[in-house]
Amino acid sequence: MLSMGSEPEPRTNSKGEAKRQLIYRAIKHHYVVKKADPTIQDIQEMTGIRSFDTLTKQLKHLKQDGIIEWSHHSPTVKLLNNDHDKVD
């Protein structure tokens, strides 16, 4: 699994928080490797989360926490922090 180091990331006290952490790491990893923001489908493939509803629910939480920029109508997800180029 990808390591985030000392960067802030979602807590992992629940299943939802663990999923959000997995999603965060997948988004960041995708950007580092491909230099592009991932699509919902990319995130589903990287995390193994097959349910669109589950994924979008977790993306809404990440957006509310100020971690990502995403609209329910947009196919791509963008991290709000400036450390895309750091490799985990």
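This is a predicted model: local features need pLDDT of at least 70, side-chain atom pairs count only at pLDDT 80 or more; totals for chains, interfaces and linings use all residues.
Residues are numbered from 1 along each chain as its sequence is written, and side-chain values use heavy atoms, with hydrogens and water left out.

Let me begin with helix 2, residues 40-47, where helices are DSSP runs of H or I with at least four residues, numbered from the N terminus. Its buried residues, buried being under 20% relative accessible area with a 1.4 Å probe and protein chains only, are Ile40, Ile43, Gln44 and Thr47. Viewed down the helix axis, these residues fall within an arc of 100°, taken from the directions from the axis to the C-beta atoms, so they line one face of helix 2. As background, an α-helix has 3.6 residues a turn, so residues three or four places apart point the same way.

What covers that buried side? The face turned away from it carries Gln41 and Glu45, which are exposed, meaning over 50% relative accessible area; glutamine 41 is counted as exposed because its relative accessibility is 51%. After the helix comes glycine 48, whose phi is positive, near 80°.

Turning to the core, the largest nonpolar one, a set of buried Ala, Val, Leu, Ile, Met, Phe, Trp, Tyr and Cys residues joined through side-chain atoms within 4.5 Å, has 14 residues, of which Ile23, Ile27, Leu55, Leu59, Ile68 and Val77 touch the most other members. Helix 1, helix 2 and helix 3 are the elements that each give two or more residues to this core. Isoleucine 23, setting aside neighbours within four places in sequence, is in contact (heavy atoms within 4.5 Å) with residues including Ile43, Thr47, Leu55 and Leu59.

Now to arginine 20, in helix 1. Which side chain of opposite charge is nearest to this buried residue? The answer is glutamate 17, 4.1 Å away, and arginine 20 has no salt bridge, a term that requires a side-chain nitrogen of Lys or Arg within 4 Å of a carboxyl oxygen of Asp or Glu. The arginine 20 side chain does, however, join that of glutamine 58 through a polar contact of 2.5 Å, where N or O atoms must lie within 3.5 Å, one able to donate a hydrogen and the other to accept it.

Note on methods
Lys and Arg count as positive and Asp and Glu as negative; His and the chain ends are not counted.
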